[in-house]
There are 2 protein chains.
Amino acid sequence: MKIGELAERSGLTVPALRFYERKGLFGVGTVKRLGNNYREYDESVLETLDLIKKAQTAGFSLNEIDSLLGRYKVEGPNSPEIRAALTEKLKELDDRITDIMAVRNIVVEKLHKRKKPAGK
Amino acid sequence: MKIGELAERSGLTVPALRFYERKGLFGVGTVKRLGNNYREYDESVLETLDLIKKAQTAGFSLNEIDSLLGRYKVEGPNSPEIRAALTEKLKELDDRITDIMAVRNIVVEKLHKRKKPAGK
DNA sequence: CTTGACCCTAAAGTGTGCTTGAGGGTTGAT
DNA sequence: ATCAACCCTCAAGCACACTTTAGGGTCAAG
């Protein structure tokens, strides 16, 4: 599929997709070029984009996503460095979830507190 | 307490604290000025900073935090607009948690997958 | 009364994640 | 052949969250 269609299907903008590509977020072979130099995307890029979106929401920068995705593809799941990095990311995720739950509780509390904010 | 001590106790930098103040994140009365124009912070600012940090980790921008914190203080917990905004934030938080859990599951899966990444 | 560790303001600089603009080729329909 | 609707490559610009720089005051100790 071409970039316009991918933009529509992924919900991203055309320039954003080109930007991601320059960042190196798409694995080799996922973006080819047609005779007219137009980009031709593999269907699999949709999953990659979905992961990128979720990882971003999870608080990771494109660089972090890139290095994890890229190194993972190169070194595989058995590299001690990759395993260490993943373990660290897991800890970060858990910390983030803890913080989000804390904020969530505060919001819930404020929502439940009607009239007279004095409720020990 | 003065800004240097607050920086140490909060883990933030001195310029960051001044930046937050310009953004209006500290409620009235929490930052006074001494005779020499030095800032004098109320102890309560530590809790505010803690909330700000958590809300940031939860994915909210300083502007969002500011407007929610500020409007809440002015309009109280019973304003329909505040309740609507909080309800929306709650939805955002839940969506974010869902996304983080999805990323977490992917990381966990990759960590458990040793040798032979083929495990239907 | 100077030295060092503090504090102040205003303004410019930085990294991230894009968007916008300029200038131009390609494709398909009319 | 020309028009809209695509696509391309730079390069510059923008919002956010700070940091850094520049140029000064303040204060306790020696």
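1. Let's start with the make-up of chain A: 5 helices and 2 strands. Here helices (H or I, at least four residues) and strands (E, at least two) are DSSP runs, numbered from the N terminus. Following the sequence, the order in chain A is α-α-β-β-α-α-α.

2. Before going on, a word on what you're looking at. This is a predicted model, where local features need pLDDT of at least 70, side-chain atom pairs count only at pLDDT 80 or more, and totals for chains, interfaces and linings use all residues. Residues are numbered from 1 along each chain as its sequence is written, chains are lettered from A and ligands numbered from 1 in the order in which they are written, and side-chain values use heavy atoms, with hydrogens and water left out.

3. Now the overall shape. Chain A has a radius of gyration of 20 Å, whereas a compact globule of 120 residues would come out near 14 Å. (The radius is taken over C-alpha atoms, and the globule rule is 2.2 Å times the number of residues to the power 0.38.) Along the principal axes, the C-alpha atoms of chain A fill a box of roughly 70 × 40 × 20 Å. Of the 120 residues in chain A, 36% are buried, where buried means under 20% relative accessible area, exposed over 50%, and partly exposed in between, with a 1.4 Å probe and protein chains only.

4. Take a look at helix 2 (residues 14-23) and helix 4 (residues 62-75) of chain A: they pack at about 55 degrees with axes 11 Å apart. Helix 2 of chain A is therefore oblique to helix 4 of chain A. (Axes are lines fitted to C-alpha atoms, for helices over the stretch in contact, and angles run from 0 to 180 degrees between N-to-C directions; under 35 degrees is roughly parallel, over 145 roughly antiparallel, 65 to 115 roughly perpendicular, and the rest oblique.) On the helix 2 side, Phe19(A), Tyr20(A) and Lys23(A) meet Leu62(A), Asn63(A) and Asp66(A) of helix 4. By class, that contact has 3 nonpolar, 1 polar and 2 charged residues. (Ala, Val, Leu, Ile, Met, Phe, Trp, Tyr, Cys and Pro count as nonpolar, Asp, Glu, Lys and Arg as charged, and the others, Gly among them, as polar.)

5. Staying in helix 4 of chain A, find Leu68(A). Leaving out residues up to four places away in sequence, Leu68(A) touches Ala85(A), Leu86(A) and Lys89(A), where contact means heavy atoms within 4.5 Å. Lys89(A) is 21 residues from Leu68(A) along the chain, yet their C-alpha atoms are separated by 9.6 Å.

6. Next, a meeting between chains. Helix 5 (residues 80-112) of chain A packs with helix 3 (residues 45-57) of chain B at about 115 degrees, their axes 8 Å apart.

7. Over in chain B, Thr30(B) sits in the loop between helix 2 (14-23) and strand 1 (31-33). Its relative accessibility is 14%, so Thr30(B) counts as buried. Beyond its neighbours within four places in sequence, Thr30(B) contacts Glu40(B), Tyr41(B), Asp42(B) and Ser44(B).

8. Last, check some backbone angles. Most residues other than glycine have a negative phi. Asn37(A) isn't a glycine, but has a positive phi of about 75 degrees. You'll find Asn37(A) in the loop between strand 1 (31-33) and strand 2 (39-41) of chain A, partly exposed at 49% relative accessible area. In chain B, Asn37(B) also has a positive phi, near 75 degrees.
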